[in-house]
Amino acid sequence: MKKQILLYSIGLVFCSFPGWGQVEQTAHTATEPRGRDSAQHKEAAVKASPGAGKFTDLGPQVGAAAIQGSVFAKDDQGREMAYTVVRGEPAHLLGYDVQTNELVVDLPLEKTDGVWDLAVASDGWLYVPSASGYLFKHRPGTQQIENLGYTLPGETYLWDLAAGKDGEIFGATYPGCRVFRYHPKDGFSDVGKGPLVEGEKYVRSLVYHEKTGKLYAGVGSHAHLVELDPKTGEKIEFLPQEFKDHEFVYNMSLLPGVKGGDRLLALITSGGENKSLVINLKTKKVEQVLGNLDVRSASLSPDKKQVYYTSKGKLYTLNPTKPAEQAKEVMATAGAITMNWSKGQELSMITSGKEVVRYHPATGKSSVTKFEVPELPIPIQSILSGPDGRIWTAGYVAGGHGVFDPATGKTQTLKGLHQTEGMAVQGSRIYFGVYPHGRLYVYDTQKPWDMAQQNPRLIQQVQGQSRPFAIASAESKGTMFFGMVPEYGLLGGSLLEYNPETDKLTDHKAVMENQSIVALCNKENLLFGGTSVWGGIGAHPTEQEGKLFIWDTATGKKVLETVPVPGAKAVTCLKIAPDGKLWGVAGGTLFTYSIEEKKVLTRHELYFISEERANNFVWRDAFLVMHPNGKVYGTANDELFVVDPETMDIQKLEQNASLLTLGKDNKLYFRRGTHLWSYEP
């Protein structure tokens with residue numbers, strides 16, 4: 001569900017930094033909207049200086065052939081086509097001739113790395129809602145695509161689309177919880193006349209009811225189901241009370257013409273515990289509660305008596321009017337992204353397995369055609385200097401890892417893990433914090449990477465927690481600590497401690513009440529943590545300032561908490577310097593802290609944060625490295641900088657640089673989008 005939703009290039013940092021010249025680092029993101037801060041927000045306070053050193057572009061590190069939004073469409077000659085979007089930077093719109101399986105359309109989507117939906121309007125135009133907030137328009141079968149621009153002011157991420165009448169298209173947005181309408185003659189309009197639900201950020205799912213002209217919208221991070229009249233803006237909520245403690249009405253599909261009233265199929269989520277509701281639109285009553293179905297692609301049979309859907313690798317059929325009736329298994333298949341019925345009453349599906357699957361209910365026969373989907377580079381989400389001297393990178397949304405060997409200049413690709421937010425080393429093992437649903441893994445680098453042999457191995461999935469950005473090794477105790485961001489709509493990130501000897505994970509719960517733990521580093525028996533006032537997306541902060549806390553790993557107790565930078569809402573980086581002082585970054589300010597005296601020694605502004613920007617949530621922002629040459633290097637605000645610890649003079653070295661780790665070759669490694677770069681001072 002990633003990001004890491006809003007466009008945010010706000011990250012955090014964590015560390016396990018036992019000594020000079022070593023860095024264990026973690027990553028960032030929510031898996032949804034992930035973007036860059038706007039230009040007007042980059043008011044740097046550091047002095048510009050080219051510096052001395054060598055920059056090297058090491059190229060893309062992580063690739064994927066991951067598809068999401070998909071749809072069947074016909075070109076102007078009646079040729080049936082299957083459209084999908086493969087993630088990348090940029091993502092590409094792909095169109096296949098269903099009869100020949102030939103890729104006939106391959107168009108880059110500027111400034112976007114993926115889409116969640118595709119929709120064909122009643123006039124035959126294909127619309128593409130992007131993860132960058134743009135809406136694209138394409139005539140099936142052609143080689144042109146038009147960027148229609150931003151849909152509504154401030155809406156930086158688009159989710160579902162729904163085709164209305166007479167060529168109109170409706171769309172769901174983030175972070176304003178809006179629904180827009182687009183028509184070639186009228187342009188864009190806000191049909192909800194503001195947020196569908198005050199205080200919420202996501203309209204995550206959307207369907208159009210042709211019979212009434214109404215829209216049904218699913219909202220999160222606190223679940224709401226809204227009936228919207230796009231002509232008047234009137235909104236009526238009707239999600240039953242017993243389901244309002246869930247996070248999202250995540251996906252929906254409409255089942256029109258069913259006996260007794262049209263049905264709405266809605267998937268509601270709650271930390272991985274998903275339910276599918278069958279709702280009668282005539283009565284607004286929930287008639288069935290089903291399991292975790294691929295709801296968005298569910299489709300009603302031509303005779304209106306059966307609904308077809310996929311779940312957990314199988315195709316099923318179910319009578320939507322008979323709650324007591326069991327679903328019937330039809331065939332094994334990858335999960336369907338979209339379904340379509342032909343005139344011959346044949347069911348066609350585009351699946352997550354990059355296939356077109358055809359099934360004929362009358363004969364029970366099926367066929368599978370595999371698409372050749374090109375693998376594209378995807379953005380780097382986190383970077384780590386591994387125990388073997390190689391540089392590990394992780395991919396955004398589609399997951400996977402790249403392992404760069406400085407000795408050979410080659411990158412090895414490793415598949416199997418989802419979006420890795422944080423990584424850290426202890427001995428020969430690498431620990432991964434994975435989104436979604438707070439999954440923690442351990443990998444023994446002395447053995448082959450083999451998911452089937454549980455290397456890496458899942459330690460645990462942590463209930464109520466989502467993003468493990470901060471990871472630190474407490475070497476004196478031999479345990480690992482994980483700082484967590486909670487699930488959507490929740491406040492309060494856990495501090496977790498894992499003992500490799502006993503394989504026991506201890507949840508120290510809310511060490512810092514109502515705050516996420518986004519930075520960690522360790523010195524002897526003391527663990528230092530930095531917090532963010534923001535929790536899971538959609539949760540409203542109750543605290544005003546990010547804090548520094550100290551945890552005694554021997555006694556298992558918090559021994560101090562303080563505000564290192566007044567007014568800063570997140571402490572996103574902590575490192576121990578060779579002289580024993582603690583360095584950190586909070587709200588654009590670099591600070592140093594005396595552990596013995598328990599006080600902040602210095603504060604220096606790295607970059608200016610406007611009042612508007614201060615209200616945008618931050619999980620990750622800055623990274624620091626203590627270099628053997630005596631200097632401190634860092635990235636923040638998408639800039640690489642260097643600090644002289646003697647004078648605290650700060651110099652900017654390079655723009656468009658984020659994340660940071662120190663290799664065993666004493667080179668600095670950072671990212672630019674999909675590319676890994678090195679800097680040799």
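A: A nonpolar core is a set of buried Ala, Val, Leu, Ile, Met, Phe, Trp, Tyr and Cys residues joined through side-chain atoms within 4.5 Å. The model discussed here is predicted.

Q: What makes up the largest nonpolar core, and which residues have the most contacts inside it?
A: The largest nonpolar core has 49 residues. Those with the most contacts inside it are Val179, Leu196, Val203, Leu206, Leu215 and Trp619. Strand 17, residues 202-209, gives the most to this core, with four residues.

Q: Which residues belong to another core, lying apart from the largest one?
A: The other core has 20 residues, including Ile391, Val625, Leu660 and Phe670.

Q: Why is the pair of Tyr96 and Phe371 called stacked?
A: Two rings pair if their centres lie within 6.5 Å, and planes under 30 degrees apart count as stacked. The ring centres of Tyr96 and Phe371 are 4.0 Å apart and their planes stand at 15 degrees, so the pair is stacked. A search of the whole structure finds 32 aromatic pairs.

Q: What makes this pair a tie between parts that are 275 residues apart in sequence?
A: Tyr96 lies in strand 7, while Phe371 lies in the loop between strand 32 (365-370) and strand 33 (376-377), so the pair ties together parts 275 residues apart in sequence.

Q: How do you know whether Tyr96 and Phe371 are buried or exposed?
A: Buried means under 20% relative accessible area. Tyr96 has a relative accessible area of 1%, so Tyr96 is buried. Phe371 is at 5% relative accessibility and therefore counts as buried.

Q: Why is Pro90 called partly exposed?
A: Partly exposed lies in between buried, under 20%, and exposed, over 50%. Pro90 is at 32% relative accessibility, so Pro90 counts as partly exposed. Pro90 lies in the loop between strand 6 (80-86) and strand 7 (91-97).

Q: Which residues does Pro90 touch, not counting those up to four places away in sequence?
A: Pro90 touches Pro108, Leu109, Thr112 and Leu376. The C-alpha atoms of Pro90 and Asp106 are separated by 12 Å, and the two residues are 16 places apart along the chain.

Q: What makes Lys137 a charge over the ring of Trp125?
A: The distance condition is that NZ of Lys is within 6 Å of the ring centre, and the direction must be within 35 degrees of the ring normal. The charged end of Lys137 sits over the ring of Trp125, 4.4 Å from its centre. Likewise, the charged end of Lys284 sits over the ring of Phe238, 5.4 Å from its centre.

Q: Which residues form one aromatic cluster?
A: The cluster is formed by Trp116, Tyr157, Trp159, Tyr174, Tyr202, Phe248, Tyr250 and Tyr488.

Q: What makes strand 42 and strand 45 edge strands?
A: Strand 42 (465-474) and strand 45 (504-507) each pair on one side only. They belong to an open sheet of four strands, in the order 42-43-44-45, with antiparallel pairing. The twist averages 25 degrees from one strand to the next.

Q: How do you know that strand 44 and strand 45 pair?
A: Two strands pair if there are at least two bridges between them. Four bridges join strand 44 (residues 495-499) to strand 45, and the two run antiparallel. Glu497 stands opposite Thr506 in strand 45.

Q: What makes strand 29 and strand 32 edge strands?
A: Strand 29 (336-341) and strand 32 each pair on one side only. Their open sheet has four strands in the order 29-30-31-32, with antiparallel pairing. Within that sheet, strand 30 (residues 347-351) and strand 31 (residues 355-360) pair over five bridges, and Leu347 stands opposite Tyr359 in strand 31.

Q: Why is strand 47 called largely enclosed by the rest of the structure?
A: Six of the seven residues of strand 47 (residues 526-532) are buried, so strand 47 is largely enclosed by the rest of the structure. Strand 47 pairs in the antiparallel sense with strand 46 (residues 516-523) over seven bridges, and with strand 48 over five bridges. Asn522 stands opposite Leu527 in strand 47, and Leu526 stands opposite Asp552 in strand 48.

Q: Which residue in the turn between strand 46 and strand 47 has a positive phi?
A: Glu524 has a positive phi of about 55 degrees, in a hairpin with two residues between the strands. In the hairpin of strand 48 and strand 49, with four residues between the strands, Gly556 takes a positive phi near 70 degrees.

Key:
Residues are numbered from 1 along each chain as its sequence is written. This is a predicted model: local features need pLDDT of at least 70, side-chain atom pairs count only at pLDDT 80 or more; totals for chains, interfaces and linings use all residues. Side-chain values use heavy atoms; hydrogens and water are left out. Axes are lines fitted to C-alpha atoms, for helices over the stretch in contact, and angles run from 0 to 180 degrees between N-to-C directions. Buried means under 20% relative accessible area, exposed over 50%, partly exposed in between (1.4 Å probe, protein chains only). Contact means heavy atoms within 4.5 Å. Rings of Phe, Tyr and Trp (its six-membered ring) pair if their centres lie within 6.5 Å; planes under 30 degrees apart count as stacked, over 60 as edge-to-face and the rest as tilted.
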